[in-house]
Every structure is written in structure tokens, then in C-alpha cells.
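Please consult the sequence and the 3D view while reading.

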Amino acid sequence: MPGKTCNVVVLLSGSGSNLQALIDSSQGADSPLRVGAVISNRADAYGLERARAAGIDTAVLEHTGFAGREAFDAALMALIDGFNPDLVVLAGFMRILSGGFVRHYQGRLLNIHPSLLPKYKGLHTHQRALEAGDTEHGCSVHFVTEELDGGPLVVQAVVPVAATDTAQTLAQRVHLQEHQIYPLAVRWFAEGRLCLGEHGALLDGQPLPASGHLIRS
Ligand code: GRF
């Protein structure tokens, strides 16, 4: 998207520390992106306060008021599209999205997941990595497809697991890496360097490896 500021809409359900990292990284006058709006399915999400503090538009759409997933997702799409996003960023949005939603934002929908995908899709990823005795854990940014936590990988950060780690200490270190790789991936997209090709994610026109761009700390 060279020359044009990339308008990013963020969806979240909770604390929003990844939103904060995105806001912080998009502050400069020369930033290729701006967070145009933050939408939550929970009115009490702390991420909404972070957005308000940064002067960003917010909206709440509670899923409890809808008959089913399709109806909620249709209303959510209408709300999102009202902000004219170039990119939609899932940052701890605790909803499974319908196929229609995912297809509508194909190639402009990113997610972050706290594991080295394809390992540990779903919940409790840190505990599962510890129980498996993994020596490495981490986080992944990927394009969203209809397979849950399964779309083409963009970037992964690898975090070594210490013998003394608990799920909490590991989660903290993984979170720090999330705050590095999500702004990086979003910036690549905003600069027009990252896109979803027919066979996977492309960076600067070149296919990324199946693991995405790998960062080791
Ligand atoms: C992160 O662990 C992210 O990987 C997952 O949801 C969590 C959101 O954390 N998808 P925060 O709300 O950004 O602090």
C-alpha cells in the first residue's frame, strides 16, 4: 500500500496489550498505518480503554444479543466495513468466525496465536507446551483462513523454555515477543510488502517459508 496510510481495524475481547503495541508502533508521522477503530464483543474489555486513551474510535457489539453466529458475524462485518478498513487485525478476539466472515476479509485479516503453529491450535497453549516437554515455544502471526488457527504463517518468534518455567512465566515471555512480531507483520502489510498469494504468504513478492519469517531471541 505504498503512499497511502493503511487503515487498520482491530478486534479484541480482552486486555489489548497487542493493540497497545500496535498503537505505540504507529505513532510516528511517517507511519504507514493508523489504527482507525477498535471493536470488541465485550463492553468491559480493557482494550477499549486503551483505544479511547489513544483517541481511537471504539465500538461494542455484544454477541449475546444475536440468534446465532451467522447473524452476529453479518452485523460485525457491517460495523467493520463502516470504518473502511484496509486490514482487519484480530488481537485476542475470542470468537470463532464463520466462513462467510473469513472469506469476506480474505487476504486482509491477520491473527496472532500464542504458539508455534501448527503446534497447539486452540487454548491453553503454554500449559500444553510445558506438558509436552518442549524446549522451544513461541507465537505466530498468520493470515486467517477458514481453518481455525490454520492460515498461512507470516512470522513466528521462538522462545526458549526454561526448566523452571510455569505456564505464567512462559506466557509473559511469549507475550513480549507477540508485541514485537505483530507490529512487524502489520507494518509489512501496510507498506505493501506482505500479501496473501494463491499458495501462501508472500513477502516482497517471494513466498515465505511454511513457518513464516522466523525470529529467535
Ligand atoms: C494473546 O496471547 C494472543 O496471542 C491471543 O490472545 C491474547 C491477547 O492478549 N490471540 P492481549 O489482549 O493482546 O493482551
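Helices (H or I, at least four residues) and strands (E, at least two) are DSSP runs, numbered from the N terminus. This is a predicted model, in which local features need pLDDT of at least 70 and side-chain atom pairs count only at pLDDT 80 or more, while totals for chains, interfaces and linings use all residues. Residues are numbered from 1 along each chain as its sequence is written, and side-chain values use heavy atoms, with hydrogens and water left out.

Q: In which strand is the place of His213?
A: His213 is partly exposed, because its relative accessible area is 33% (buried means under 20% relative accessible area, exposed over 50%, partly exposed in between, with a 1.4 Å probe and protein chains only). From Ala45, His213 is 168 residues away in sequence and 31 Å away in space, C-alpha to C-alpha. The place of His213 is in strand 11 (residues 213-216).

Q: How many disulfides does the structure hold?
A: A disulfide is a pair of cysteine sulfur atoms within 2.5 Å. For Cys6, the closest cysteine sulfur is in Cys195, and the separation of 13 Å is too far for a bond. The number of disulfides in the structure is 0.

Q: Is Cys139 buried or exposed?
A: The relative accessibility of Cys139 is 0%. Cys139 therefore counts as buried.

Q: How many of the residues of strand 1 are buried?
A: In a regular strand the side chains alternate between the two faces of the sheet. From strand 1, Cys6, Val8, Val10 and Leu12 point one way, whereas Asn7, Val9 and Leu11 point the other way, and all are buried. Strand 1 (residues 6-12) is thus mostly covered, the buried residues being 7 of its 7.

Q: Through which helix does the chain cross from strand 1 to strand 2?
A: A crossover is right-handed if, with the strands pointing away from the viewer, the path from the first strand over the helix to the second runs clockwise. The β-α-β crossover from strand 1 to strand 2 is right-handed, and it passes through helix 1 (residues 17-25).

Q: Which residue in strand 4 is the bridge partner of Val9?
A: Strand 1 also pairs with strand 4 (residues 87-90) in the parallel sense, over 4 bridges. Within that pairing, Leu11 stands opposite Leu90. The bridge partner of Val9 in strand 4 is Val88.

Q: Which element gives the largest share of the lining of the largest pocket?
A: A pocket is found on a 1 Å grid over the protein atoms alone, as an open set of points where a 1.4 Å probe fits, with protein on both sides within 12 Å along at least five of seven lines; lining residues have an atom within 4 Å of a point. About 940 Å³ of space lies in the largest pocket, and of its 35 lining residues the closest to the centre are Gly92, Met94, Ile112, His113 and Pro114. Two or more lining residues come from each of helix 1, strand 5 (109-113), helix 5 (125-131) and helix 6 (167-190). The largest share, 4 residues, comes from helix 6.

Q: In which helix is the place of Ala171?
A: Ala171 counts as buried, because its relative accessibility is 17%. Its C-alpha atom is separated by 9.1 Å from that of Gln127, 44 residues apart along the chain. The place of Ala171 is in helix 6.

Q: Which residue in strand 9 stands opposite Leu196?
A: An open sheet of 3 strands has the order 8-9-10, with antiparallel pairing. Strand 8 (194-197) and strand 10 (206-207) each have a single partner strand, so one side of each is left without a neighbour in the sheet. Strand 8 and strand 9 (residues 200-203) pair over 4 bridges, and opposite Leu196 stands Ala201.

Key. Two strands pair if DSSP finds at least two bridges between them. Grid points are joined across faces, edges and corners, and a volume is the space filled by probe spheres set on the points.
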